[in-house]
Amino acid sequence: MSELLIKNGFVFDPLQGIKGDRMDIGIKDGKIVETSALENPKTIDAAGMTVMAGGVDIHSHVVGPKVNVGRLFRPEDKLFKSPHKSPTCSRMEMGSSVPSTFKTGYDYARMGYVFVNEAAMPPLHSPHVHEEIRDTPIIDNAAMPVFGNNWFTLEYLKNNEIENNAAYTAWLLQATRGFGIKVVNPGGSEAWGWGLNCVHIHDPVPYFDITPARIITGLIETNEHLGLPHSMHLHCNNLGNPGNYTDTLESLRLAEGYTPKNNFGREQVMHVTHLQFHAYGGDSWGNVESRSKDIMDYVNAHDNITVDMGQVTLDETTTMTADGPFEHHLRALNNLKWANVDVELETAAGVVPYIYSPKVKVCTIQWAVGLELALFSKDLMRTFITTDHPNAGPFTRYPQVITWLMSRAARDETMKTFKWLDRTIESTSIDSIDRELDLYEIAQMTRAGPAKALGISDMYGGLAPGMDADIAVYPLNPEDMPSDPAAIEKAFSRCAWLVKDGIVTVRDGEVVSEPAKRTIWVDVKVPENAQVQRDIYEHFLRHYSVKLDNYSLFEEHLHNPRVIEVNAAQ
Amino acid sequence: MSKKVENVGCPYCGVCCDDLVVTVSDDGKKILEVENACAIGNQIFHHATGGERVRLPRLRQPDGTYKDISYDEAIDYAANVLYKAKKPLIYGFGSTNCEGMAAAAKVAEKAGAVLDNCASICHGSSFLAIFDNGYPSCTLGETKNRADVIVYWGANPAHAHPRHMSRYSIFPRGFFTGKGHKSRKIIVVDPRHTDTAQVADIYLQVQQGHDYELFDAFRAVVRGHEIPDVVAGIRREQIVEVADILKKARFGTIFYGMGLCHSDGRNHNVDIAISLTRDLNDFTKWTIMAMRGHYNITGPGAVWSWQYGYPYCLDLTKRDIAHMNPGETSSIDLAMRDEVDAFINIGTDAGAHFPIDAVKHLRKHPWITIDPNICMASEISDLHIPVGIVGVEVPGIVYRMDNVPIQYRKVIDPPEGVISDEEVFERIHKRLCELEAEEVAKEPVKAAPEGVRVGE
């Protein structure tokens with residue numbers, strides 16, 4: 001296989017602590033190697049450019065049923081908003097806030113990303129998720145099945161049967177070829193089966209009579225019992241409401257006393273996602289205010305927690321979440337069209353279009369809250385860039401988010417467009433923050449940190465020999481950073497080079513090849529558990545609408561798998 | 001020894017029963033018995049090995065007869081037709097798997113074709129309503145486990161979806177519905193007293209074509225407004241009584257059929273049905289679901305939405321951007337305006353379903369039918385390419401009416417030499433690429449950038 005040498009770039013690799021040193025990176029047979037191991041490499045001249053590992057997205061809704069509902073029911077998301085097909089890509093690219101699978105793969109690659117973790121897979125729909133993964137080019141995908149409202153999980157945890165819940169979890173990861181434990185509005189989406197919700201973490205779930213708090217701790221215990229690569233990944237209760245920061249703090253406190261147990265270098269027991277939506281003070285939309293300081297003070301002081309931003313990008317977008325009751329609530333706020341899919345025994349989902357406008361005070365406060373979270377963070381290896389794509393904005397706006405974080409001037413520029421600038425400044429701290437992040441910190445937030453939190457930092461997110469040769473080169477000179485923030489955004493939108501698995505995939509911002517992508521899943525060995533086997537059999541016999549033998553993903557529907565094996569059988 | 005294959009999915013209707021047990025003869029060549037299927041599903045399996053099948057593609061001759069040709073020749077013919085056509089139409093897909101739909105999309109994109117599915121003449125009006133108003137729905141197991149009120153509106157599952165009522169809605173005992181039928185109220189709204197109406201607790205004989213008004217009346221009552229003495233042929237007292245049942249339900253599902261989306265009002269009927277569902281969610285839990293017809297007619301809507309963002313009526317003729325505008329890019333309208341200069345009928349029977357004038361226009365141009373069986377379309381085609389029957393001879397993923405993917409199995413081998421829809425389209429795609437390359441070789445254009453078209 002071919003050899004490559006990326007010469008003379010400024011290398012940022014937080015996993016090795018490399019901070020912009022001028023270095024050469026060697027690539028052989030799809031892996032990073034010492035440059036001395038190369039015989040006759042092709043050379044990529046990266047002089048005056050920034051070299052990072054391929055980007056890793058810890059939380060993005062890119063494949064699966066609710067994403068596809070978002071595509072299907074919004075033709076207006078395509079009209080006049082889709083680019084014409086690139087002559088160098090094999091397929092058309094349609095859509096904007098919810099792009100087609102092809103556009104998703106191409107756009108991530110253009111931004112220098114190589115790994116995207118689908119944030120919520122309804123287990124019943126796993127064949128659909130894997131079909132879409134097949135049609136998403138270039139980027140490697142994992143998908144997390146949702147557990148927080150699953151009847152098996154609720155029953156086991158109510159009875160404190162962690163071992164049984166672990167055996168069920170291992171079975172479900174296998175059945176769906178899933179990656180880790182996702183929890184969305186624990187208990188609340190089950191309550192939504194009756195049109196209800198669990199707003200606070202001590203509200204009992206109807207019939208199942210367990211609290212969201214216990215679901216969260218039980219799933220942390222399950223996760224550490226199994227020793228999975230990633231931690232329990234939580235979307236907290238009471239998303240998006242004024243005053244919810246107290247509920248968020250209560251949820252964060254649930255991680256106290258738990259320590260990670262795994263062989264993957266992961267150091268957290270709880271990943272709290274799209275924190276921006278969970279950091280509001282006040283008690284109404286009239287007096288909503290930022291509480292990001294309170295939240296980040298807690299996160300900074302507790303290193304068994306990681307978070308991602310969920311940054312509002314001030315775009316028209318499509319919200320979609322397994323938090324069914326929230327979407328119903330949102331539909332009453334903006335009165336736009338509303339799709340809902342409750343999934344038997346497992347979860348729910350809702351989809352509502354949403355316009356984050358710089359003319360609306362709440363939206364601009366949300367914008368400030370997201371940025372504050374990152375700017376208040378003391379450890380950017382535990383604070384990641386996301387937009388909860390497409391909920392707070394499409395992932396294609398990451399370069400803009402990076403620019404806001406790197407440049408006070410860029411933030412000021414955006415704030416000038418706010419209709420309620422004074423009220424926004426009053427209700428947030430954004431105007432008093434001068435911090436500007438550097439490229440090393442951006443590399444922490446977009447590759448090294450997420451890879452470590454996902455437990456895959458032996459393959460992704462770094463540039464050490466032996467790791468996958470996934471390398472992004474950005475046309476940015478750290479010794480001569482552009483004074484115009486727009487230039488930073490442009491550089492991160494279209495990388496100069498992306499090498500994926502040792503293959504030149506993007507060049508001058510254009511996709512030039514489409515190397516085979518992978519599906520990453522976690523296979524956990526657990527001791528045989530007759531009770532769980534019987535429970536599975538019973539529920540499928542009586543309550544599911546599909547047969548047990550047709551539920552588990554057939555091998556032929558899993559595409560180019562890369563399995564991470566975990567032995568929890570001892 | 002005969003062999004039993006279990007957990008087999010049924011390639012008939014949108015109910016997608018996946019509990020069939022099929023007994024296959026010793027030599028694996030004959031289907032002997034089909035358990036659990038309805039009469040129609042049963043017939044599909046028996047038909048596969050019960051009589052003569054078309055085993056080779058057939059090409060129309062100048063004298064009007066068909067002549068057997070090889071698959072290679074058929075693929076070449078089809079690719080050339082697509083390559084030469086300015087605006088070919090590829091239509092159908094109700095009865096094939098998603099793998100076939102994805103492969104067909106690749107062909108359509110390469111050929112610059114219009115890509116459409118049977119929703120165009122069926123639940124397409126539902127899509128229009130969904131574009132405007134959303135779709136508060138659920139999976140069928142939710143209905144089974146929770147629903148205490150069921151509404152069938154303009155649908156007759158007793159005939160069209162024979163096991164729908166017993167598997168999901170009226171009769172099954174679910175987790176919170178242990179008493180089955182006894183714990184549920186069944187409301188049927190239909191201008192005809194159908195066999196489904198026979199099992200209703202309340203039957204509302206809506207005046208034909210006045211569904212919209214009746215929905216409107218329900219919405220008014222649910223929101224606490226007055227209504228006239230009679231609306232759409234139904235007395236006020238009965239409307240108030242039913243509205244009260246809807247509001248007091250723990251969990252309800254409205255199943256609606258073509259009676260709604262293809263009677264006067266069409267998408268507006270569906271739109272207001274969705275609005276009623278939205279309204280009811282302010283009081284309790286309600287969901288709505290289209291009774292999709294064929295077992296995988298939900299499939300193309302799913303596959304093409306993730307590939308292009310549109311569920312049907314996709315105009316890919318510009319080759320670099322997709323465009324959807326039902327009425328402009330829908331199959332019947334294109335055919336009626338004689339805008340199509342080649343036609344591929346796949347996994348359906350446009351010969352039987354299209355208006356005769358549309359068929360006459362399409363028939364002026366090359367017409368290719370890809371179907372396992374002899375049907376009206378195959379008999380008026382220029383080329384008929386036989387394929388294996390999905391769910392019987394070809395496995396694959398299909399989407400049930402509630403968008404749940406069901407993995408279908410293969411029970412027996414297709415007749416010797418017969419290939420799948422997916423393979424037909426993959427081979428047409430390959431041939432199209434060759435034709436394109438030949439053209440380029442004749443007239444060299446600027447070289448393609450390095451690394452382009454890996455795997456083509």
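**Figure 1. Confidence of the prediction.** The predictor assigns the complex an ipTM of 0.96 and a pTM of 0.96. For chain B, the mean pLDDT is 95, and 97% of its residues reach 70 or more. Residues 447-456 of chain B form a stretch in which pLDDT stays under 50, and the model has 14 contacts beyond four places in sequence for this stretch. Where pLDDT is low, the predicted coordinates should not be read in detail.

**Figure 2. The contact between chain B and chain A.** In this view, 59 residues of chain B are in contact with 53 residues of chain A. Several elements of chain B each supply at least two residues of the side that touches chain A, including helix H3 (98-111), helix H4 (124-133), strand S8 (134-138) and helix H12 (298-308). Strand S15 (285-290) and strand S22 (405-408) of chain B are also among these elements. By residue class, the side of chain B that touches chain A divides into 26 nonpolar, 18 polar and 15 charged residues.

Figure 3. Strands of a sheet pair through backbone hydrogen bonds, either parallel or antiparallel. Across the chain boundary, strand S16 (residues 338-342) of chain A pairs with S8(B) in the parallel sense over five bridges. Val341(A) has Ser137(B) as its bridge partner in S8(B). Within chain A, S15(A) and strand S17 (residues 350-355) run antiparallel and are joined by six bridges. Opposite Thr321(A) stands Gly350(A) in S17(A).

Figure 4. Helix H1 (residues 65-72) of chain A is largely enclosed by the rest of the structure, because eight of its eight residues are buried. Among the buried residues are the charged Lys66(A) and Arg71(A), together with Val67(A), Val69(A) and Leu72(A). The buried residues of H1(A) pack against helix H3 (126-134), S15, S16 and S17 of chain A, and also against H12 of chain B.

**Figure 5. The two domains of chain A.** Chain A is divided into domain 1 (3-52 + 460-511) and domain 2 (55-453). The C-alpha centres of domain 1 and domain 2 of chain A lie 29 Å apart. Their contact takes 28 residues from domain 1 and 33 residues from domain 2. Elements that each supply at least two residues to the domain 1 side include strand S2 (18-28), strand S5 (50-53), helix H16 (485-493) and strand S21 (503-507) of chain A. The largest share of that side, five residues, comes from H16(A). The residues on the domain 1 side divide into 15 nonpolar, seven polar and six charged.

**Figure 6. Strand S1 of chain A and its partners.** Strand S1 (residues 3-13) of chain A is mostly covered, with eight of its eleven residues buried. S1(A) and S2(A) run antiparallel and are joined by nine bridges; Ile6(A) has Ile25(A) as its bridge partner in S2(A). These two strands form a hairpin with four residues between them, and Gly17(A) in the turn has a positive phi of about 70°. S1(A) also pairs in the parallel sense with strand S4 (residues 42-45) of chain A over four bridges, where Thr43(A) in S4(A) is the bridge partner of Leu5(A). A further parallel pairing, over three bridges, links S1(A) and S5(A). In S5(A), Val51(A) is the bridge partner of Val11(A).

Figure 7. Asp26(B) lies in the loop between strand S2 (20-24) and strand S3 (31-35) of chain B. Asp26(B) counts as exposed because 10 other C-beta atoms lie within 10 Å, and the cut-off for an exposed residue is 12 or fewer. Leaving aside residues up to four places away in sequence, Asp26(B) touches Met1(B) and Ser2(B). Between Asp26(B) and Lys3(B), which are 23 residues apart in sequence, the C-alpha to C-alpha distance is 6.7 Å.

Notes: Residues numbered from 1 in each chain as written. Chains lettered and ligands numbered in written order. Predicted model: local features only at pLDDT ≥ 70, side-chain atom pairs only at ≥ 80, totals over all residues. Contact = placed C-beta atoms within 7 Å. Pairing = 2+ DSSP bridges. Buried ≥ 20, exposed ≤ 12 C-beta atoms within 10 Å, placed from the backbone. Domains from an automatic or database assignment. pLDDT = per-residue confidence, 0-100.
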